[in-house]
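Dear colleague,

I am passing on the structure below, followed by some notes on what turned up in it. Please read them with the model open beside you.

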Amino acid sequence: MKQKYNVPVEGLGIELSSGTLAGLASGAVTIRQGETELFVSATAASALRPGQDFFPLTVDYREKFSAGGKFPGGYFKREGKPSEKEILTSRLCDRPLRPLFPKGFMNEVQVIGLLLATDQKHEPDVLMVNAASAATLISDIPWNGPVGCVRVGQIDGEFVTNPTHDEMLDSDLDLIYVGSESEMLMIEGSAEFISDERFYEALEYGQQAIQPLIAAQKELAKLAGKEKKDFSLVLTPAEVTEFCEQNAAEKVKVALGHDSYTERKLAIEVIAKETTAALEEKLGAEKVDGNDVARAFDEIQEKLYRQNILDTGRRVDGRGASDLRSISCDTGVLPRVHGSAVFNRGETQALVISTLGTSRDTQDIDGLTGGATSKSFILHYNFPPFSTGEAGRFGFTGRREIGHGALAERSLLPILPPEDEFPYAIRVVSEVMSSNGSTSMASICGGCLSLMDAGVPITAPCAGISTGLVTEKDADGKITKHVILTDILGAEDHFGDMDFKIAGTPQGITGFQLDLKITGLPFDITLEAIKQNREARMKIIAIMAEHMPESRQDLREHAPRIHTIKIDPEKIGALIGPGGKNIRRITEVSGAQVDIDDDNSGRVLIFATDKESMDRAIQEVDACTAEIEVGKTYRGIVRGVKDFGAFVECLPGKEGLVHISELADFRVNKTDDICKLGDEMVVKCIGLEKGKVRLSRKAALEDAKDAEPDCEQVEPSAE
């Protein structure tokens with residue numbers, strides 16, 4: 001596709017283009033790496049909607065199956081609702097763009113990304129962020145970009161920029177880094193126990209790696225950029241701000257002193273209602289906009305929260321900057337489930353449940369990108385409206401829930417045992433019961449305890465906590481004073497400048513996510529936050545260890561047990577049987593589930609919920625894969641009656657001949673004088689000659705004179 005403007009990104013094999021597609025959009029860009037190509041548009045509404053009181057930025061990323069030369073699944077053969085991958089990519093792009101729009105800008109902005117082509121090598125999520133930045137930069141929308149985005153991996157101790165899918169298989173770091181020319185804006189990712197020091201070095205590396213991307217976007221803006229429009233900013237009228245300050249600030253200050261989130265919220269609602277009535281009496285009801293009053297109260301609270309922290313180092317709940325709230329935890333709180341835990345941190349509470357499943361419970365991933373086609377560890381995060389004391393829409397999984405669940409999932413994944421040692425599918429569900437700050441981190445802590453309660457042999461306990469930030473700036477926008485906050489409240493997240501979540505074990509970091517409300521985070525503050533976060537994590541891990549120092553040694557009563565059998569790979573067909581007949585029969589007669597690894601290793605997994613079921617399944621598998629041995633006695637079934645003897649199936653699918661002379665300890669004239677088709681017969685193997693099995697009922701009867709025959713094999717199936 002020939003574009004009017006093309007700008008290569010130095011050293012990264014990426015090209016930014018504009019000028020051919022979507023001429024009516026405010027800004028439109030295509031980005032290419034290898035044979036992966038992505039289109040992104042940015043468009044702003046020309047006017048506000050009536051009564052609008054927030055900034056509606058929408059980022060949507062879609063992967064079209066045509067990009068990979070595939071048809072969508074399903075009856076309609078059309079892409080449906082966005083996948084988890086598409087939602088996570090949309091969130092990844094939204095978060096660094098949002099803080100760079102000017103204060104008071106409330107016109108709706110819509111950023112749409114379409115995957116046009118994929119080579120299955122280069123990951124499009126980082127391309128989406130760069131193209132969205134470029135599209136917004138060259139548009140007529142006011143925005144304080146650009147930003148650059150790279151994925152940083154670590155292979156054999158060396159950092160790698162934008163590794164391919166295959167290279168990521170060897171990487172112990174997956175860091176998505178977004179920043180401006182001078183500062184960090186957003187990070188997200190996971191690691192396999194990376195140290196704090198190495199993590200910080202990865203951030204520094206990412207900051208350098210994005211510079212060519214930022215330079216290319218600026219070059220594209222020179223070639224294809226539009227003049228920025230003058231949009232009307234929505235700012236609170238000065239007289240409303242002054243009135244609220246004079247009449248409500250002291251009352252709000254007192255209200256913020258309440259211990260409970262609910263008490264603070266209700267008290268401020270009463271003050272706001274009284275202040276609105278007083279303002280309407282002064283100016284006239286028709287001249288007072290409730291949204292203006294709400295914004296003024298938001299500004300008052302923000303000022304009070306921040307001033308108190310900056311001036312005194314104390315927070316609204318009386319804690320110091322680095323203090324954790326009260327923490328408690330409990331496990332085994334629910335009957336029948338395989339593992340359960342409740343984790344409390346202040347007013348934040350997560351009830352987390354773990355379920356162990358079989359290989360049939362793994363989640364198939366139907367997508368174009370990302371490499372993996374299935375996963376055996378799933379974490380789902382649910383955030384019902386009652387968790388914040390509100391009534392609202394319930395039962396719908398929002399983007400926030402998917403994002404928080406993904407963060408918790410990738411943070412706990414590194415502590416799970418290898419699948420060849422613990423071959424269960426695992427599902428963890430975090431039900432947020434109460435929310436006042438960092439429920440995703442509570443889900444990690446509760447999830448770890450729940451896994452331990454389920455008897456999952458984790459490699460190390462994992463905990464997570466969020467740190468916040470309050471800053472003071474001079475006239476030039478330079479930070480002159482700052483305080484880092486450990487374990488932030490919901491209000492400290494809302495009125496503060498940062499939400500920096502890190503999860504990990506004593507051995508290192510496993511998951512992380514940074515969101516900012518300011519336009520960048522200096523690296524000296526970043527390092528301070530990383531250190532403060534680790535101190536808090538270690539305290540939480542110590543509290544968790546007091547309650548549960550290690551995983552349960554045994555699985556819960558109702559959890560499936562697993563037994564692994566290694567068989568000759570050449571016998572897999574015999575175990576499965578024609579059309580799966582044998583393996584279905586084993587499942588039916590034993591009540592257990594039998595799975596065969598598809599790697600042709602001969603590994604058979606048997607899942608059962610009780611010993612009897614497990615023992616029967618093991619016997620059946622052994623019978624299907626065993627060979628008839630000389631000297632052993634079998635209880636078989638007559639499968640053929642001939643003049644010269646009977647064919648007896650000793651093991652499933654394996655039979656031998658009982659010659660008429662071996663049918664009894666007396667002369668037999670006719671075979672059917674002794675047996676008929678389908679009869680059960682105890683026989684002994686007396687010889688193997690050129691693949692032919694010789695059996696004897698007479699020898700088995702002689703053995704039975706002294707004792708019951710030792711029929712070690714299970715009885716074969718009846719046809």
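A nonpolar core, as the term is used here, is a set of buried Ala, Val, Leu, Ile, Met, Phe, Trp, Tyr and Cys residues joined through side-chain atoms within 4.5 Å, where buried means under 20% relative accessible area, exposed means over 50%, and partly exposed lies in between (1.4 Å probe, protein chains only). Please keep in mind that this is a predicted model, in which local features need pLDDT of at least 70 and side-chain atom pairs count only at pLDDT 80 or more, while totals for chains, interfaces and linings use all residues. Residues are numbered from 1 along each chain as its sequence is written, and side-chain values use heavy atoms, with hydrogens and water left out.

On confidence, the chain averages a pLDDT (the predictor's confidence in each residue, from 0 to 100) of 91, and 97% of the residues score at least 70. Over residues 712-719 pLDDT stays under 50, and for this stretch the model has 27 contacts (heavy atoms within 4.5 Å) beyond four places in sequence.

The largest nonpolar core has 81 residues, and V111, I187 and F199 are those with the most contacts inside it. Helix 2 gives the largest share of this core, 10 residues; helices (H or I, at least four residues) and strands (E, at least two) are DSSP runs, numbered from the N terminus. Leaving aside neighbours within four places in sequence, F199 is in contact with I187, I194, F500, I502, I509, F512 and I530. Apart from this core lies another, of 42 residues, which includes V428, C445, L449 and M544.

Turning to charged pairs, a search of the whole structure finds 40 salt bridges, each being a side-chain nitrogen of Lys or Arg within 4 Å of a carboxyl oxygen of Asp or Glu. R306 and D497 form one of them, at 2.9 Å from N to O; this pair links distant parts of the chain, with R306 in helix 8 (residues 290-312) and D497 in the loop between helix 11 (490-495) and strand 20 (498-505), 191 residues apart. Both R306 and D497 are buried. K229 and D140 form another, with their closest N and O atoms 3.7 Å apart, and here too distant parts of the chain are linked, K229 lying in the loop between helix 5 (211-224) and helix 6 (238-255) and D140 in the loop between helix 2 (124-138) and strand 7 (148-155), 89 residues apart. K229 is partly exposed at 46% relative accessible area, whereas D140 is buried at 11%. A network of salt bridges links D317, R319, R325, R345 and D487.

S340, in strand 12 (residues 339-345), is buried, with a relative accessible area of 1%. A polar atom of the S340 side chain lies 2.9 Å from the backbone nitrogen of V333 and one lies 3.2 Å from the backbone nitrogen of L334. Not counting residues up to four places away in sequence, S340 touches D330, T331, G332, V333, L334, V352, I353, S450 and D453.

Finally, the search finds 0 disulfides, a disulfide being a pair of cysteine sulfur atoms within 2.5 Å. For C93, the nearest cysteine sulfur is that of C149, 8.6 Å away, and C93 is buried at 0% relative accessibility. The sulfur of C462 is 6.2 Å from the closest cysteine sulfur, in C448, which is too far for a bond, and C462 is likewise buried, with a relative accessible area of 0%.

With best wishes

Notes
Polar contact = N/O pair within 3.5 Å; in protein donor to acceptor, adjacent residues only side chain to side chain.
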